[in-house]
Amino acid sequence: MKVKGYEVFKCDAGWRTFSFLKITTADGIIGWSEYNESFGSPGLSGVIEAMMPGVIGMDPMDIELVNAVLATRSTQSRGGVVRQAVAAIENALLDIKGKALGVPVYQLFGGKLRDRIPVYWSHCGSYRMRNPEIVGTPPVRTYEDFTKVGEEVKARGFTACKTNIAIEIDGKVTAYRPGFVVGRGFPERNWDAFIARSAARTVEAFRQGVGPDVGIMLDTNFHFRTEGFRRIAEAVGPAKLTWLELDAHDPKSIALLRRDAPCPIASGETLLERRDFRPYFEAYAFDTAIVDVIWNGFYESLKIAAMADVYEVNVAPHNFYGHLASAISAHFCAAVPNFRIMEIDIDDVPWKDDLVTAPPVIENGGLILPTGPGWGADIDEAAVRAHPPRG
């Protein structure tokens, strides 16, 4: 079998763009992967297109060899969009291999450990605060509205949800996102009593809605430095979080936070390859390691999970993309023993289901594992073309 060609597809996804890679073989088998360049990875499509000519003519069954070739040719620029391009190619080749053998991808790596994947509702209330007209839901304008969303989380059977800090200005809540150059706080990323109190009010509002048994995560991304993360952890401690999620590119800083925080710490979503994760594991920085399977590639993500297992750490996929990415992440969750819980966005553009041949099925807080060959879902090219990306 030989790789014959490839094509990149993009479509409108509201406030971002969904991107897909299609790889075809001379035998007519098609492999799909999803990637994302609209949030922190500019030029990724160009890197994929620069790398793919080196894959044409190779055997898609020899995925480790393809990875070695691509990694060696880009070794002077390891990581970043280069790693994400390799991951997109790897994931599409895995889809081809699974289809060629007639098995789901997880069967290529020892089989599944679970049929139902526990999921948490990500960006819960956040998208309704920032983009209610796009997701087609009632807007979130107050902390009381967050409580109502929490009630919906519980009523729909989810066991956990994740939200972001909301601050109240002139009687209306708005997102606090200085780490992404949005609103107040950039570039210093300092904390103050108002921000800490706002974080506490956000999670308290959700706790009132979901009750004592549903898990709550608070994602603070890169919005603070070490001192600020410490103060936020203290402020939200009474809410008994499942985890406080944060990002910092210094493992010892996160290890200090984990040692003193009144809640578990999750991090790692921006790390690439085992080389990036190793110093964090060695510093015992994580309660839960967040692994982005779309950025790292499925095979590399399994290796990261195996490394985490040595340090008695469970893993959870970073997954705020489209449905194909959710299928890929679900295979990862099924294949690793040290699994925590899977992220998924529930509020999204109305045409999200149309983009794939098999949208995910979620019942009582669990995603039913796809069982078809490859990822168990393909991209509907006509549906993608019907929603061209915005300028």
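## Salt bridges across the chain

Arg128 and Asp347 form a salt bridge in which the closest N and O atoms are 2.8 Å apart. Because Arg128 belongs to helix 4 and Asp347 to the loop between strand 13 (342-345) and strand 14, this pair ties together parts that are 219 residues apart in sequence. Both Arg128 and Asp347 are buried. The model described here is predicted, and a search of the whole structure finds 29 salt bridges.

Another of these pairs is Arg116 with Glu363, whose closest N and O atoms are 3.6 Å apart. Arg116 lies in strand 4 (residues 116-122) and Glu363 in strand 14 (residues 362-363), so the contact ties together parts separated by 247 residues in sequence. Arg116 is partly exposed at 38% relative accessibility, and Glu363 is partly exposed at 39%.

Asp287 and Arg258 meet through their side chains in a salt bridge of 3.0 Å, N to O. Asp287 is in the loop between helix 10 and strand 11 (288-291), while Arg258 is in helix 9 (residues 251-260); the pair, 29 residues apart, links distant parts of the chain. Asp287 is partly exposed, with a relative accessible area of 27%, and Arg258 is partly exposed with a value of 27%.

## The largest pocket

The largest pocket has a volume of about 630 Å³. Its lining comprises 32 residues, and Phe39, Phe180, Asn221, Glu269 and Phe320 lie nearest the centre. Two or more lining residues come from each of helix 4 (126-130), strand 5 (160-164) and helix 10 (273-282). By class, the lining of the largest pocket divides into 13 nonpolar, 11 polar and 8 charged residues.

## The second largest pocket

For the second largest pocket, the volume is about 320 Å³. It is lined by 18 residues, with Asn67, Ala71, Arg83, Glu273 and Arg275 closest to its centre. Helix 2 (63-73), helix 3 (80-101), helix 10 and helix 12 (298-310) each give two or more residues to this lining. The lining of the second largest pocket has 9 charged, 5 nonpolar and 4 polar residues.

## Cysteines

The search of the whole structure finds 0 disulfides. The closest cysteine sulfur to that of Cys124 is in Cys161, at 4.5 Å, which is too far for a bond, since a disulfide requires sulfur atoms within 2.5 Å. Cys124 counts as buried, at 0% relative accessibility. Cys11 likewise counts as buried, at 0%.

Definitions and conventions:
Residues numbered from 1 in each chain as written. Predicted model: local features only at pLDDT ≥ 70, side-chain atom pairs only at ≥ 80, totals over all residues. Heavy atoms only, no water. Buried < 20%, exposed > 50% of the residue type's maximum accessible area, 1.4 Å probe, protein only. 1 Å grid on protein atoms, 1.4 Å probe; cavity = no way out; pocket = protein on both sides within 12 Å on 5 of 7 lines; lining within 4 Å. Points joined across faces, edges and corners; volume = space filled by probe spheres on them. Helix = DSSP H or I, 4+ residues; strand = E, 2+ residues; numbered from the N terminus. Nonpolar A, V, L, I, M, F, W, Y, C, P; charged D, E, K, R; others polar. Salt bridge = Lys/Arg side-chain N within 4 Å of Asp/Glu carboxyl O.
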